[in-house]
Amino acid sequence: MKIGFIGLGNMGGPMAANLARAGHDVRGFDTASVIIDGVQPVNSATEAAEGADVVITMLPNGDILRKVAREVIPAMSEGAVFLDCSTVDVDSARAVAEDAQNAGLLPLDAPVSGGIGGAAAGTLTFMVGGPEEGFKKAADLFDIMGQKSVHCGPSGNGQAAKICNNMILGVTMIATCEAFALADKLGLSREAMFDVVSTSSGYSWSMNAYCPAPGVGPQSPADNGYKPGFAAELMLKDLGLSQQAAEAADADTPMGAAALALYRQFVEDEDGKGSDFSAMLPRFEKRNRS
Ligand code: NAD
């Protein structure tokens, strides 16, 4: 396939490299003039999009996506797939999809989970919103860049799935960390705490697969000085998007709101920026009740 790839950062770079390695003809554009193995660099987003069967965007936020889409959509050929893999607000995803659809394109919003490691290894999970025909056309690309893709329904539903998942993740990580800090103060060893909770009703991905306590459970960023992994500021971004969506949909999400407030404090007022989101544990460890 002829693929235009726009946004060759930490995630987009390795994703584009994997597509090129699999034999696709990939033209790439990034405002930071990045060079990626096997990807032909071009001078504009429009140039990347012209004549492409699929245009993939992997950009920082919804405003940038809207701007790039305005530029790229008129340059694309009818029937081509506009595949946005960025994490953005549901409203931007739906607005861009509508413009793309009106231009005769097949729009997909397909945010990912799996992080930089998953992007490099080609093991991402894609949560996809948009027309079935587009999903089928992009299926081979999802197989190269990831290990799983789930079609979640119409446009915007991929982003909806992503932010709901990450709202659960933020809340359960905080709950896991504050429970560890309480257990410390009650004299319970972390090993005992892990052994009990990971096989009891308090278990979760945060405890079982990504334990925030160093030296306990499977290898995780906690065992590497809380180097990300999934950075606290990216969790802050996703929690912000989930509250923005909850506001727009008039949904009551008190735990999501509390998690957003706590990650905001951690990243903006404390020392959380640049640490993994599981570094909430050393944060709680240092604190008292007041
Ligand atoms: P990044 O900042 O490393 O990459 C974004 C790239 O977009 C940069 O290289 C930037 O120069 C480029 N860019 C900005 N404006 C542009 C424009 N107008 N035209 C072309 N290129 C432009 O970010 P990232 O970590 O690769 O994340 C990308 C997206 O993936 C974000 O939406 C993020 O929330 C999401 N995501 C990231 C992770 C992660 O672990 N990093 C995990 C899941 C999802």
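**Reading the ligand site and its surroundings**

Author: An oxygen atom of the ligand is 2.8 Å from a polar backbone atom of Leu59, a polar contact (a pair of N or O atoms within 3.5 Å). The model is predicted, with local features needing pLDDT of at least 70 and side-chain atom pairs pLDDT 80 or more, whereas totals for chains, interfaces and linings use all residues. Residues are numbered from 1 along each chain as its sequence is written, and side-chain values use heavy atoms, without hydrogens and water.

Reader: How many residues surround the ligand, and which are the closest?

Author: The shell holds 22 residues, with Asn10, Met11, Asp30, Leu59 and Lys237 closest to the ligand; a residue belongs if a heavy atom lies within 4 Å. By class the shell divides into 12 nonpolar, seven polar and three charged residues (Asp, Glu, Lys and Arg are charged; Ala, Val, Leu, Ile, Met, Phe, Trp, Tyr, Cys and Pro nonpolar; the others, Gly among them, polar). The helices α3 (62-72), α5 (115-121) and α10 (232-249) each supply at least two residues of this shell; elements are DSSP runs (helices H or I, at least four residues; strands E, at least two) numbered from the N terminus.

Reader: What space does the ligand take, and how should I read it?

Author: The ligand takes the space of the largest pocket, where sitting in a pocket requires more than half of the atoms within 2 Å of its grid points. On a 1 Å grid over protein atoms alone, a pocket is open, with protein on both sides within 12 Å along at least five of seven lines, a cavity is where a 1.4 Å probe fits but cannot get out, and lining residues come within 4 Å of a point. The volume of the largest pocket is about 1200 Å³, and among its 45 lining residues Met11, Met58, Gly115, Phe230 and Leu234 lie nearest its centre. Two or more lining residues come from each of α3, β7 (112-113), α5, α7 (157-185), α9 (205-208) and α10, and α7 gives the largest share, six residues. The lining of this pocket has 21 nonpolar, 18 polar and six charged residues.

Reader: What is the peptide bond from Pro228 to Gly229, cis or trans?

Author: Most peptide bonds are trans, and most residues other than glycine have a negative phi. The bond from Pro228 to Gly229 is cis, with omega near 20 degrees, and Gly229 lies in the loop between α9 and α10. Ser33, which is not a glycine, has a positive phi of about 50 degrees and is found in the loop between β2 (25-29) and β3 (40-41).

Note on methods: A polar contact is a pair of N or O atoms within 3.5 Å; within protein, one must be able to donate a hydrogen and the other to accept it, and residues adjacent in sequence count only if both atoms are side-chain atoms. Grid points are joined across faces, edges and corners, and a volume is the space filled by probe spheres set on the points.
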